[in-house]
Amino acid sequence: MTQSPILQNYINGQWCDSTGAHQDVTNPATAELLARVPLSSAAELNAAAEAAQTAFQIWRRTPPTQRVQYLFRLKMLLEEQFEDLARTITLECGKTLDEAKGELRRAIENVEIACGIPMMMQGTNLEDIASGIDELMIRQPLRVAAVIAPFNFPGMIPFWFMPYALACGNTYIVKPSERVPLTMQKVFQLLDKLDLPPGVINLVNGAKETVDAILDHPAIRAISFVGSTPVARYIYSRAAANGKRVQCQGGAKNPVIVLPDADIDMTTRITADSAFGCAGQRCLAASVAITVGKARTTYTEAIAHTAATRQVGNGLETGVQMGPVITAQSRERIESLIQLGADEGATVLVDGRQPQISGYEQGHFIRPTILQNVDPGSEIAKTEIFGPVLSLIYLDTLEEAIALVNSGQYGNMACLFTSSGAAARRFRYEAEAGNIGINIGVAAPMAFFPFSGWKDSFFGDLHSQGQHAVEFFTQTKVVVERWSQKDWSRQF
Ligand code: NAD
């Protein structure tokens with residue numbers, strides 16, 4: 001058997017071994033060992049923070065037009081390595097190759113948008129706020145910033161932040177999920193080729209001890225987190241208590257409403273992709289479908305058929321539409337939640353538990369599952385499942401459906417399927433969620449729009465991506481200047 005690689009950290013422009021404990025990284029489709037990831041100590045994180053702190057003095061003085069040249073080169077390298085990176089995402093995370101390519105595309109799009117920093121980072125000014133006095137607002141970088149990433153988008157999520165942080169003149173630390181560290185290991189091999197000043201960008205692998213060191217290090221001025229809501233709350237409060245700027249994207253339970261006038265074929269195809277794409281492990285996955293009136297019958301039949309016939313298998317194989325979930329524990333948790341739904345009175349219309357996927361008996365597979373007649377007040381209607389399970393709730397009016405959407409704990413996404421402009425306008429206006437889809441199943445904002453979670457799906461003010469990221473990674477400085485008229489209006 002060949003030795004599995006031991007992953008490294010990248011600190012101060014050098015690859016380095018970690019002295020701490022290591023954890024296995026496995027392929028969720030096969031349970032095969034892929035690598036061992038370090039669980040870095042606080043001392044290792046501190047070394048990265050200090051390197052980043054030192055590099056900040058050089059990097060903030062590098063003109064923005066030069067800083068983005070590194071990003072142009074990074075984009076080219078990401079394009080060159082696109083296939084290999086996508087394969088790595090599938091290997092460690094389980095999603096299909098097409099899904100992996102989709103997330104990489106959004107990662108690259110964020111690099112492209114951050115190349116606009118010389119425009120996006122500009123301040124404002126006004127001459128003569130009083131006679132002979134001018135006022136200007138300039139944006140300056142914060143210093144060191146860090147991202148703590150989840151497992152479900154190993155290639156994309158660090159890019160919601162990192163390109164903007166660097167382009168704005170901050171130095172940076174990436175802490176990937178310890179369950180999927182391989183993709184960032186490869187991305188950092190590309191970053192290493194850019195010849196950035198040492199310490200500008202750092203990779204520190206690890207888990208809770210590493211995260212806590214990020215939350216407490218005084219040089220780190222801003223933290224971006226994406227992951228589950230309980231951890232988001234913890235990170236938000238501890239980082240804020242330490243005086244840091246912080247943005248935390250949390251969990252979700254996304255509803256889609258299907259009206260009787262919706263195109264049922266299109267709605268079924270799109271909502272199935274939303275609920276079962278990435279094996280339901282997507283913060284914008286449809287998790288509850290609320291039908292209104294007669295949509296109940298047509299939609300239930302169609303979605304049940306689509307769920308039952310979806311091709312499940314190793315995401316690297318062609319024709320596979322859905323891969324495994326991330327770990328055996330995750331599969332057990334999802335299966336126990338399906339049972340909870342049944343115990344609470346729902347019908348398991350399509351049961352994806354304990355499937356046999358030939359050749360992949362060790363993989364963590366669940367097939368698409370549909371729970372029918374879910375009680376809106378039940379636990380299963382509220383809990384984030386984070387697996388390929390869609391709950392069907394039947395209501396009579398759009399008003400009731402919007403009220404149910406708005407009663408939820410989370411506010412990441414809500415979608416409506418209809419051919420009525422008036423219904424769409426009402427829904428867009430009233431739905432309490434930060435990302436809205438009208439005849440769209442995964443309302444993921446492009447890189448030039450903010451990823452706008454609400455309620456328990458987001459803690460903070462400024463979101464990831466685009467102009468919000470520029471504001472998050474800069475602090476404003478306001479300068480008021482007076483020059484005596486006799487000085488500036490004399491003949492030179
Ligand atoms: P997670 O919260 O378990 O882990 C996220 C990160 O936090 C990891 O890097 C992990 O090492 C770290 N972490 C975990 N427990 C910690 C603790 N007790 N103290 C300090 N750090 C800790 O999340 P996950 O399972 O990797 O990702 C799935 C979750 O992320 C889901 O809830 C999903 O909805 C959410 N998510 C949200 C968005 C969004 O944009 N809102 C996007 C993707 C994923």
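**Helix packing and cavities**

Tutor: Please note that this is a predicted model. In it, α3 passes α4 in a right-handed crossing.

Student: Which residues of α3 and α4 make the contact?

Tutor: On the α3 side they are F82, E83, L85, A86, R87, I89 and T90, and on the α4 side L97, A100, K101, E103, L104, R105 and I108. Sorted by class, the contact of α3 with α4 has 8 nonpolar, 1 polar and 5 charged residues.

Student: And at what angle do α3 and α4 pack?

Tutor: Helix α3 (residues 82-93) and helix α4 (residues 97-114) pack at about 120°, and their axes are 8 Å apart. The two helices, α3 and α4, are therefore oblique to each other.

Student: What about α1 and α8, how far apart are their axes?

Tutor: The axes of helix α1 (residues 42-59) and helix α8 (residues 208-216) are 8 Å apart, with an angle of about 40°. That angle makes α1 oblique to α8.

Student: Is that crossing of α1 and α8 left-handed or right-handed?

Tutor: The crossing of α1 and α8 is right-handed. In α1, A42, L45 and N46 meet E209, T210, A213 and I214 of α8. This contact of α1 with α8 has 4 nonpolar, 2 polar and 1 charged residues.

Student: Changing topic: how many cavities of 30 Å³ or more are there in the whole structure?

Tutor: The search finds 3 cavities of that size. The largest cavity holds about 110 Å³ of space.

Student: Which residues are the closest to the centre of the largest cavity?

Tutor: Of its 15 lining residues, G280, R282, A285, S287 and F386 are the closest to the centre. The lining of the largest cavity divides into 8 nonpolar, 4 polar and 3 charged residues.

How values were computed:
Residues numbered from 1 in each chain as written. Predicted model: local features only at pLDDT ≥ 70, side-chain atom pairs only at ≥ 80, totals over all residues. Heavy atoms only, no water. 1 Å grid on protein atoms, 1.4 Å probe; cavity = no way out; pocket = protein on both sides within 12 Å on 5 of 7 lines; lining within 4 Å. Points joined across faces, edges and corners; volume = space filled by probe spheres on them. Nonpolar A, V, L, I, M, F, W, Y, C, P; charged D, E, K, R; others polar. Axes fitted to C-alpha atoms, helices over the stretch in contact; angles between N-to-C directions. Helix = DSSP H or I, 4+ residues; strand = E, 2+ residues; numbered from the N terminus. Parallel < 35°, antiparallel > 145°, perpendicular 65-115°, else oblique. Left-handed = near helix turned anticlockwise from the far one by under 90°. Contact = heavy atoms within 4.5 Å.
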